[in-house]
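Please go through the structure shown below with this report beside it. The sections take up helix packing, a sheet and the confidence of the prediction in turn.

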Amino acid sequence: MRWFLKWKFWPLLMAIAVSGCSTTSAIKETPQTPAMQAKVSSNQAYPIDVHDPWERFNRGMYNFNAKFDRYLFIPVVDTYETILPNFVEAGVSNFFSNLGEISNIINSALQLKGTSTVVGVSRLALNTTVGILGLWDPATLIGIYEKKEDFGQALGYWGVGSGPYLVMPILGPSSLRDTAGFATDSLVFNAIDPLNYDDHSNREAPVTGLKTIDARHNVKFRYLQGGTPFEYEKVRYLYLKKREFDILK
Amino acid sequence: MDLIRGLGLVSLLLASLYCHGIEYQYPFDDPYVATVVGTPADWHVRFDQPAPAKHYGLPPVDGKTIPEVFWYQDRMHYALAAQQGEAPLIFVIAGTGAGFDSSKMRLLMNAYYQAGFHVVSLSSPTYANFIATASKSGVPGNLSEDADDLYRVMGRIWEKHRDKLQVSGFYLTGYSLGAANAAFVSRLDEQEQRFGFRKVLLINPPVSLFNSVNRIDAMLSDNLDVNDPASVNKFLARLLDRVAELYIQSERLTLDEDTLYKLYQHGQPKQESLSTLIGMSFRLSSANMIFTSDVMANQGLLKPKNLELGSADSLTDYLKASSRVTFIEYFDDYFLPYFQRQNPALTRDELLEQLSLRPLDSYIRGNDKLAMVTNADDLILAPDEVDYLRNLFGAQAKIFPNGGHCGNLAHPAFVSHITEVMRP
């Protein structure tokens, strides 16, 4: 994921995302405040209210992600799914999921979760050997299921609140805490360097590309399919709730 | 002798089972449970393979400009699963607030595809995408105008695919509100003669939209004070606690059709909670509809009239406001005034009458073309409405003893019935 953090076009993309999609409201005639709006009181807490001080930026980014998905990401993923047989796709997913055990182990340990740490170590050991470098997942077959842990969860476990909601480019819904967690996990991964990028820097781009496609391939969600005008609110709510549960788990 | 008589009885029994198609054993006698949980995996119909559905989009209907806040609503979406070679074609219309690709619609698509039909899945005219791209007025719920919009869409879809499809005849169905839509489209087709539908099936239809929606609305307002965010908060928190417990306890929780069933088994919710849940889910879906309509028709119910929202403007307050609008308020403050502006002589009662199957009574009665299937305990029907439907459709009516509102849609006996009715 190093390219992701270093990629020089990010500032440009962000600028497009924010300027291109966030034209301010133009008022042609004087709008009248409808009676219905008066029903919403500002001094009560609604379930849908969350700390989202960067909402305008976030909505711009959300729209950008939706367009990126529609015009580039999903067509690429569709091609990937058409070309490769399912067992190869599964192998790719297993491979990256196995690499993800490193982060699971470290972050389980940081939360003093003994069982999860042991599960992570067993899965990594079994799947890397019997599972042929992680291409196959015998651990799940014998009932040792993955316990996903990341640094954002570890921070949450030690009492760090989620902070403002934040929509990351391409990766989508996050929070300040979880973005920091994601960055840290990436740095740690690079420091451990399990794929030995240091000696084989030409591996990094294709592997990261494949990892990104595999990640999208595993998420069924499609942006803005047209069923609700309130998708941004609903996704925001569900993301933050799910993270609360993840931290409790 | 006894043995022979016994054997005779058994074979009679078997024969009667055979005649009834598949035996109907649906697990929930409580219509609230049925409506929420649906058909759990152990009772669920199985298809040989999923229908090869392809998604398509049509440009918005003539003269419609899509406002920036709905920039993504640039196509009217639908799905088509085509058979190889000649086959009958069926249009399927979704229920209130549901899209062409909802789980019930996918089920119906698979059922009819497996039965040998080309299948076209259409969103409900109350679905945001349909309101934004295919509704002439932008104000959904008027059954004859919705039929005009649907009929236009169906014509455009047929034009687009007719060169590649060999069609032996046209069929039409819909569930819930989509069933009422189907009946109105069928009558429109008698005048327009474009498709000449061979058979039209109404699945779990309402009799009066107003009564049905009020019944669902009451499920929310009887149990919860929607105007008090704290009480909504409390309910949501309780619900999410159950979800969280299940999520935290289980080794692996995959979200699938059976998640609700697992949740139901885990939480053992009271009927009151299920009822609230149905009301809340309906309210959220009607909030989508009301806000979309208000923006498209610029009626100034929620969004200040003439204010143009941008794609990055916050809609959170509109979500809060629109999820508080009761159906009565929508009807009296929005729907009725809109149609009275076009026709000042229109009374409230006349409009109410139009929003029901009753104007079609003489068209449906004794007409073998139209059939109806529902459940005796359908939550959107009052007992006298079930009787009315039984009487209206006569021999073309089939009423299952339980299943709530569309809860048994995926039961093999139900699927077998709705496909048998359509046999060419």
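## Helices H4 and H8 of chain A

In this predicted model, A:Ile102, A:Ser103 and A:Ile106 in H4(A) meet A:Asp185, A:Val188, A:Phe189 and A:Ile192 in H8(A), where two residues are in contact if their C-beta atoms, placed from the backbone, lie within 7 Å. By class, this contact of H4(A) with H8(A) has five nonpolar, one polar and one charged residues; Ala, Val, Leu, Ile, Met, Phe, Trp, Tyr, Cys and Pro count as nonpolar, Asp, Glu, Lys and Arg as charged, and the others, Gly among them, as polar.

The axes of H4 (residues 86-110) and H8 (residues 176-192) of chain A come within 10 Å and cross at roughly 115 degrees, which makes H4(A) roughly perpendicular to H8(A) (angles under 35 degrees count as roughly parallel, over 145 as roughly antiparallel, 65 to 115 as roughly perpendicular and the rest as oblique). Axes are lines fitted to C-alpha atoms, for helices over the stretch in contact, and angles run from 0 to 180 degrees between N-to-C directions. Helices (H or I, at least four residues) and strands (E, at least two) are DSSP runs, numbered from the N terminus.

## Helices H3 and H9 of chain A

Helix H3 (residues 55-83) and helix H9 (residues 204-217) of chain A pack at an angle of about 90 degrees, with their axes 10 Å apart, and are therefore roughly perpendicular to each other. In this contact, A:Phe73, A:Val76, A:Val77, A:Tyr80 and A:Glu81 in H3(A) meet A:Ile213, A:Arg216 and A:His217 in H9(A), and these residues divide into five nonpolar, one polar and two charged.

## The sheet of chain B

Chain B has an open sheet of eight strands in the order S1-S2-S4-S3-S5-S6-S8-S9, with mixed pairing (two strands pair if DSSP finds at least two bridges between them). Strands S1 (53-58) and S9 (397-400) of chain B stand at the edges, each with a single partner strand, so one side of each is left without a neighbour in the sheet. The twist averages 20 degrees from one strand to the next.

Within the sheet, S6 (residues 199-203) and S8 (residues 370-375) of chain B run parallel and are joined by four bridges, and B:Leu201 stands opposite B:Ala371 in S8(B).

## Confidence and numbering

The model scores ipTM 0.89 and pTM 0.90. For chain B the mean pLDDT (the predictor's confidence in each residue, from 0 to 100) is 91, and 93% of its residues reach 70 or more, whereas pLDDT stays under 50 over residues 12-20 of chain B, for which the model has one contact beyond four places in sequence.

Local features need pLDDT of at least 70, side-chain atom pairs count only at pLDDT 80 or more, and totals for chains, interfaces and linings use all residues. Residues are numbered from 1 along each chain as its sequence is written, while chains are lettered from A and ligands numbered from 1 in the order in which they are written.
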